[in-house]
Amino acid sequence: MPESDQVTAGLSSADAAARLARDGPNRLPPPKRRPAWRRLGHQLTHFFALMLWCAAGLALLARLPELAVAITVVVVLNALFAFAQESRAARTAERLGELLPMRVRVQRDGRRVEVDAAEVVTGDVLLLEPGDRIPADGALLAAAGFKVDTSLLSGESEPASLDPGDRVLAGTFVVEGEGRALVDATGARTRLAAIAALTAADAPTPSPLARELRGVVRTISTIALGVGGAFFALSLSLGNPPGEGFVFAIGVTVALVPEALLPTITLALAWGAEQMAHRQVLVRNLEAVETLGATTFICTDKTGTLTINEMTVVEAWTPLGSATVSTPGYDPDAAAIVPDPAARPALEALAAAAERCSVGHAVLVEGRWRAHGDPMEAAIDVFARRLGLRTAAGRVHGAGVVRFPFDPRRRRTSAVVDGRVYVKGAPDSVLPLCRDGGGAEPALARLTGRGLRVLAVAARAVTGPVPASAEEAERDLELLGLLAMQDPPRPDARNALATCRRAGIKLAMVTGDHPVTAAAIATEVGLRTPSAPVLTGGELPSDDRELAALLDRDGVVVARVSPEQKLRIARALRGAGHVVAMTGDGVNDGPALHEADIGIAMGRAGTDVAREAADLVLLDDHVASIVQGIEQGRATFFNIRRFLTYHLTDNVAELTPFLVWALSGGRFPLALGVLQILALDIGTDTLSAVALGAEPPGPKTLDRPPVSGRLLDRTVARRAFGLLGPTVAAATMAAFTGSLLAAGWRPGGPAPDSTLLAAASGAAFLAVVLGQSANAFACRSATRTPWHLSWRGNRLLPWAVAAELALSLALVLVPAVARQLGQAAPSLTGWALAVLAAPAVLLVDATAKRRDRRRQATATPGARRAS
């Protein structure tokens, strides 16, 4: 069969079956997801977990099986919890394959048939109508007034008009006209699949939190191994057998490892994720909670992110008056338009005329109003309904009804209905056909100057036969007015962006839309600064360093960018040292969402590709949710510093008895044993540390630059190692030593008997617990004392401390448990000295904070800002 005849008749069923067997079904490749066993394995083998596995192995070597089992349980439970949390988020996110339609119409065996989209093959002839989602790539064979919504692939908010020979792409929508297209690419060979492949091209880089935790683990491991080695050498110098010294050194090393830090961090991130969920932000990756707080640069898409992605008539002008629409969207019942009575007839005539030469309209789908067909025509339909007109956009058919679809040459569309010609289109294509412009030029200049899309609408009576061509119909017109439209900004966009800027975050718009439209929206929402440039993708330098230098400023607008260019922008800004957040909703945003430090997708209007690539999904599509997420992310970072200070303070107190024992050459009794330290780390300390991880954001969290620097910074180190840690350590040794002295033991004398030593050790244990209970409240703030903070700010902490105290009493007072730990109930002296640990910590903390405030008050303004 000649090729032209084959195209006309379509493929034969046999040929289609052969091509399907050769090329495979027309399906997008499934997204590459790590299998469950690998995701669980990652939770068991990341850097922190490996340190704890090593600690468990060393505990076995030291003949401390209880300690090894406890550490193993901590690692496994933490891994299972993190795995379950992220798996739940992954199930909530929707899947990629829904981008393609289920059934499509093709020409086969010379007739029109409907087949599964998966059965479309190269060589098929697609029969396309308004509302169809195109299932494969191809070339148009025939088209009449054919418009396609390509926003999901290109970011362009205005439908593209296509002619025979133009390409159609899988995943785009037909909004107007009919067409026939010859398929030349299916499945993995489509443009849609190529963009999706970019999303999974590279493995994600470690998050800022992961990099910081590696640093903390290295520091702690180095200290623990160094101290353990020093104790081994000291033990040998005291004449102890090497085997005994090795076991003791391992015990000291394991004791210095904060076993509870890993689950505390996981629970803090999970708490942050839960708080974000209450604010309609789905966290798909736990570390993203903290990463959002560290964000220094936000690259935001326009369509569907800063705007509602619902075209709206925002102003209508007629020679007799105008009307402004304040309620955006496709809901015709949202707000009625009440114009000036003198202008109402002209406005109704304008709306009715525009509606009669439109095909698109608004429809209610699953409780939500959506555009059926061209979004601009749906906006006209909504405008007419809000004026109180009964509409039948594009649904008027019958004798005497003739339509002349839009084409790029005329740049207008028209219809003959009930003896009248109605025309709408670009003003410069309609106004010259009108008898009188009616003073439209000033209004047109004003509306286009605001970056609005403007349509001119005109009409005339038909006095003779029905016009047979557009040229015959579209002449000698009367101008009825102008309709100005835009995809309106989200109501919360301006305030959200202003808050981001106040928080020290740079902003840029990166969109596939037209630069004029992009600049207008960016200006309206306050994103673009007066001096910031408006660039296009074609103007971007090829060198990534030059690209970063060009974009590393606030308020830049970059339009007409491809998915590959968006990805380069994210990569270049990250290379310049920024923590980059990228927002988007379209397929074209997927690669950049994946490349950014944190990708943020829209939940309602977003595509499956965008949601799959993102770390966070805004379930309500509100940009303000990003601000709330940044606030929670910063709070999480500060909370990690809080309980890191808390844990390290405990480590200082736990290490001190070993130092005293070593410095005395083994003549001073050991105040705490390894199992007691394990009980402190995993048992009592964990509850308060987890509660500190739930500290809510402070009122000025967003009034400072993005969180940066090391988790284990100078403030944490000073408070843990130089202030709070030594205080708890001193109180612990005082309770232990005082208990021994009160019972008659003297330094240098015979070793105390086991009963006395167990009671004194119990006092030391309680001193650590009570000191840490006070420390938990002190760690709520690095600048304010506990009694200057609201008790209602963190409702979990008092309960956690109460539970911690109850558990510690059980560990000391229940004889069977106490014997296993090597301790007993303390004497009255021991109780009194242990209780003093709490006020001692609070007193030292308050004194240091008062001193810091005085120092800042006398510092120069520059030094005060630096501090």
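Q: Starting with the cysteines: how far is the sulfur of Cys434 from the closest cysteine sulfur?
A: The closest cysteine sulfur to that of Cys434 belongs to Cys357 and is 12 Å away, which is too far for a bond. Please note that this is a predicted model, in which local features need pLDDT of at least 70 and side-chain atom pairs count only at pLDDT 80 or more, while totals for chains, interfaces and linings use all residues. Residues are numbered from 1 along each chain as its sequence is written, and side-chain values use heavy atoms, with hydrogens and water left out.

Q: How many disulfides does the structure hold, then?
A: Zero disulfides are present, a disulfide being a pair of cysteine sulfur atoms within 2.5 Å.

Q: And are Cys357 and Cys434 buried or exposed?
A: Cys357 is buried at 3% relative accessibility, and Cys434 is buried at 12%. Buried means under 20% relative accessible area, exposed over 50%, and partly exposed in between, with a 1.4 Å probe and protein chains only.

Q: Changing topic to H13: what is its span?
A: H13 covers residues 375-386, twelve in number, and reaches 16 Å from its first C-alpha to its last, close to the 16 Å expected. The expected span is 1.5 Å times one less than the number of residues. Helices here are DSSP runs of H or I with at least four residues, numbered from the N terminus.

Q: How many of its residues are buried?
A: Eleven of the twelve residues in H13 are buried, leaving the helix mostly covered. Among them are Pro375, Phe383 and Arg386.

Q: What caps the N-terminal end of H13, and what follows the helix?
A: Asp374 provides the cap, with a side-chain oxygen 2.9 Å from the backbone nitrogen of Met376. H13 is followed by Gly388, whose phi is positive, near 95 degrees.

Q: Which residue does the side chain of Asp381 contact?
A: Asp381, found in H13, has 0% relative accessibility and therefore counts as buried. The side chain of Asp381 makes a polar contact of 2.9 Å with the side chain of Arg385. Such a contact is a pair of N or O atoms within 3.5 Å; within protein, one must be able to donate a hydrogen and the other to accept it, and residues adjacent in sequence count only if both atoms are side-chain atoms.

Q: On to the rings: how many aromatic pairs are there?
A: The count comes to three, for Phe, Tyr and Trp rings (the six-membered one in Trp) with centres within 6.5 Å; planes under 30 degrees apart count as stacked, over 60 as edge-to-face and the rest as tilted. One of the pairs is Phe668 with Phe736, which is tilted at 6.2 Å centre to centre and 55 degrees between the planes. Phe668 lies in the loop between H23 and H24 and Phe736 in H25, so this pair ties together parts that are 68 residues apart in sequence.

Q: What about Phe668 and Trp745?
A: Their ring centres are 5.7 Å apart and their planes stand at 85 degrees, so the pair is edge-to-face. Trp745 lies in the loop between H25 and H26, so here the parts tied together are 77 residues apart in sequence. Phe668, Phe736 and Trp745 form one aromatic cluster.

Key: Helices (H or I, at least four residues) and strands (E, at least two) are DSSP runs, numbered from the N terminus.
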